[in-house]
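Dear colleague,

I am passing on the structure below, and I would be grateful if you could look through it alongside the notes that follow.

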Amino acid sequence: MAAAVMHQTMLSATEGYADHGPHVPAHAHPRAERLRWQPYTAHVDRARELRWTCACRLVMYFLVVGGGRAWVRCERRRHVLAQPEVTETEPMLYPDAGRLWERILLGRAR
Ligand SMILES: [Zn+2]
């Protein structure tokens, strides 16, 4: 979990820039799959965020695992200081969640 440790470390501006995570395209692909986002609920006691998109954007996606399943969490802010609106996909098998994560990063699912 080196990436997670890095994420939580205080970084200087230069290192912070170098640490930019993946950016989801601002505009989804025209034929992007429309995901069914549901309000956040606690699926399991100890969910872990494995991957996340760059925190410099108002919309962040997280690949989350817990209880033998994985899902994608979306945190959407109106502005930088606002509390995020948190929604999630259904929990699914790891390979399905991995593929969904890739499609989200490519703007092919939203
Ligand atoms: Zn960024």
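Helices (H or I, at least four residues) and strands (E, at least two) are taken here as DSSP runs, numbered from the N terminus. This is a predicted model, in which local features need pLDDT of at least 70 and side-chain atom pairs count only at pLDDT 80 or more, while totals for chains, interfaces and linings use all residues. Residues are numbered from 1 along each chain as its sequence is written.

The protein has 3 helices and 5 strands, and from the N terminus on they follow the order α-α-β-β-β-β-β-α. The strands form an open antiparallel sheet in the order E1-E5-E4-E3-E2, where two strands count as paired if DSSP finds at least two bridges between them. Because E1 (38-39) and E2 (48-52) stand at the edges with a single partner strand each, one side of each is left without a neighbour in the sheet. Within the sheet, 4 bridges join E4 (residues 69-76) to E5 (residues 85-88), and Arg 73 stands opposite Glu 88 in E5.

Of the 110 residues, 14% are buried, that is, have 20 or more other C-beta atoms within 10 Å of their own, with C-beta atoms placed from the backbone.

With kind regards

Conventions:
Buried ≥ 20, exposed ≤ 12 C-beta atoms within 10 Å, placed from the backbone.
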